[in-house]
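Please look over the model below before reading the points. They are meant for someone who has not seen it before.

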Amino acid sequence: MGYKEVTPKRRLMGRFPHGSDLLQEINKVITEENILSGEVRIIGAVTKAVFGYYDSESKNYIYISKDEHMEILNCIGNISAKDGKPFPHVHITLADKNGNAYGGHLMEGTKVFAAEFVIVDYGDSKLERVYDETTGLQLWDI
């Protein structure tokens, strides 16, 4: 187990444009602001959702798509550096019109209906992702 102490440098609050791609918008903000360590929280709704499940046996993501209006119950993630660039790792939980919940790893293709965000920047507390042989994932190098 490894960990390090971090102190928030600043918080950014805003909303993403209707019809935009949720993951691309997160990437846009953290790249423009050069956030290499932080966290992200989002509430709102989507008109289409694409999320993934990591299959630990094949070490690949299985994509799930829902082409309908859904409420964002929870969308939370962390921000670190991957190959020296800002990288968001975000999970999303959604509900359909019947209250059924779905979720997984946020993927490109999720279209914003309305999305308000808070992004916390931990400044110089850079976290770097490196390949982990056991899981097949890019995990924090702590």
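1. Basis. This is a predicted model, in which local features need pLDDT of at least 70, side-chain atom pairs count only at pLDDT 80 or more, and totals for chains, interfaces and linings use all residues. Residues are numbered from 1 along each chain as its sequence is written, and side-chain values use heavy atoms, with hydrogens and water left out.

2. Helix α1. Helices (H or I, at least four residues) and strands (E, at least two) are DSSP runs, numbered from the N terminus. Helix α1 spans residues 22-32, and its buried residues are Leu22, Leu23, Glu25, Ile26, Val29 and Ile30. They lie on the same side of α1, because they cover an arc of only 160° around the axis; the arc is that of the directions from the helix axis to the C-beta atoms. Buried means under 20% relative accessible area, exposed over 50%, partly exposed in between (1.4 Å probe, protein chains only). The strands against which these buried residues pack include β1 (10-16), β5 and β7 (111-121).

3. Ends of α1. Just after α1, asparagine 34 has a positive phi of about 50°.

4. Proline 88. This residue is in strand β5 (residues 85-95) and counts as buried because its relative accessibility is 7%. Leaving aside neighbours within four places in sequence, proline 88 is in contact (heavy atoms within 4.5 Å) with Leu23, Ile26, Asn27, Ile30, Asn78 and Ile79.

5. Aromatic pairs. Rings of Phe, Tyr and Trp (its six-membered ring) pair if their centres lie within 6.5 Å; planes under 30 degrees apart count as stacked, over 60 as edge-to-face and the rest as tilted. The count by this rule is two. One of them, phenylalanine 16 with phenylalanine 117, is stacked, at 4.4 Å centre to centre and 20° between the planes. Phenylalanine 16 is in strand β1 and phenylalanine 117 in strand β7, so the pair ties together parts 101 residues apart in sequence. Both phenylalanine 16 and phenylalanine 117 are buried.
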